[in-house]
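Okay, thanks for having me. Let me put the model up and talk you through a couple of helices and a chain contact.

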Amino acid sequence: MYIVFLIALIAVALILSGRSGISIAASLLTTATLAGLLIHHMTDKLPISL
Amino acid sequence: MNLLRITHSLNTLALALITAVLGGAFIEQLVFGELPCPLCLMQRAGLIAVGLGFLLNLRFGIQPLHYGVALFGALVGASTSVRQILLHISPGDPGYSKAVFGFHFYTWSFITFIAVIFGIALLLCLSEKNQSGRPVFAGRITVIVMLTFLVIVFGNLASTLLECGLTQCPDDPTQYLWLQTLSNLIKTT
């Protein structure tokens, strides 16, 4: 679970440091990771233990 | 006050509200000792994902792309809330944690995400056609809100690591895993 907060923290740091392109990518990755964790929670099929 | 300034202020307000909700969840956790379940943590992450969209607007200027980032976060966050609502929908199920004004926190979370989606739709309607992508106002309040959001995100990362460590969180957590491990280590030495 920590991984989504870690990516979010990186995204916030990138935004505040003024890196536009990569910060948008990191923000979208945060949401994608969250969606992955939700699917994992519902199915228990993804090979992750985060 | 022109439209750009109004939308900038509304973005600051939205990020401040999200930070306040996350702070309230922290107070609930620390003061009342209620550890967040995995789905509760995911709803917090959903709010943070929404906040990232508003933060992008405040830092780089208001753009539809940034609202899109926030909308994706709101949709996934709302899905997480619905998942938890459906887990406790059976008649007689007391639900997880306590209720506030008749609704559990995950129901409030769902209402919040729907409100966010409506709010973003409104902000998109207010967007000017030829709006510059550059940030124009970086007042003291905006800076404070952005830094508080950073602190809240870091706090959630630290709290989650303390509660669950580097593995999956238990469905019904009763203790902080890393703190318990540390306590056991101290006792054995």
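So, α1(B) and α2(B) cross left-handed, meaning the near helix is turned anticlockwise from the far one by less than a right angle. Helices here are DSSP runs of H or I, at least four residues, numbered from the N terminus. Keep in mind this is a predicted model: local features need pLDDT of at least 70, side-chain atom pairs count only at pLDDT 80 or more, and totals for chains, interfaces and linings use all residues. Residues are numbered from 1 along each chain as its sequence is written, with chains lettered from A and ligands numbered from 1 in the order in which they are written.

On the α1(B) side, the contact residues (C-beta atoms, placed from the backbone, within 7 Å) include B:Leu15, B:Ile18 and B:Leu22; α2(B) brings B:Leu47, B:Phe54 and B:Leu58, among others. By class, that contact has 11 nonpolar, 4 polar and 1 charged residues. Nonpolar covers Ala, Val, Leu, Ile, Met, Phe, Trp, Tyr, Cys and Pro; charged is Asp, Glu, Lys and Arg; the others, Gly among them, are polar.

Now the chains: 36 residues of chain B are in contact with 25 of chain A. α2(B) gives the most to chain B's side, with 14 residues. That side has 25 nonpolar, 9 polar and 2 charged residues.

Over in chain A, α1(A) has buried residues, including A:Phe5, A:Leu9 and A:Val12; buried means 20 or more other C-beta atoms within 10 Å of the residue's own, all placed from the backbone. Their cover includes α2 of chain A together with α2 and α5 of chain B. And just after α1(A), A:Gly18 takes a positive phi of about 90°.

Technical notes
Helices (H or I, at least four residues) and strands (E, at least two) are DSSP runs, numbered from the N terminus. Two residues are in contact if their C-beta atoms, placed from the backbone, lie within 7 Å. A residue is buried if 20 or more other C-beta atoms lie within 10 Å of its own, exposed if 12 or fewer, and partly exposed in between; C-beta atoms are placed from the backbone.
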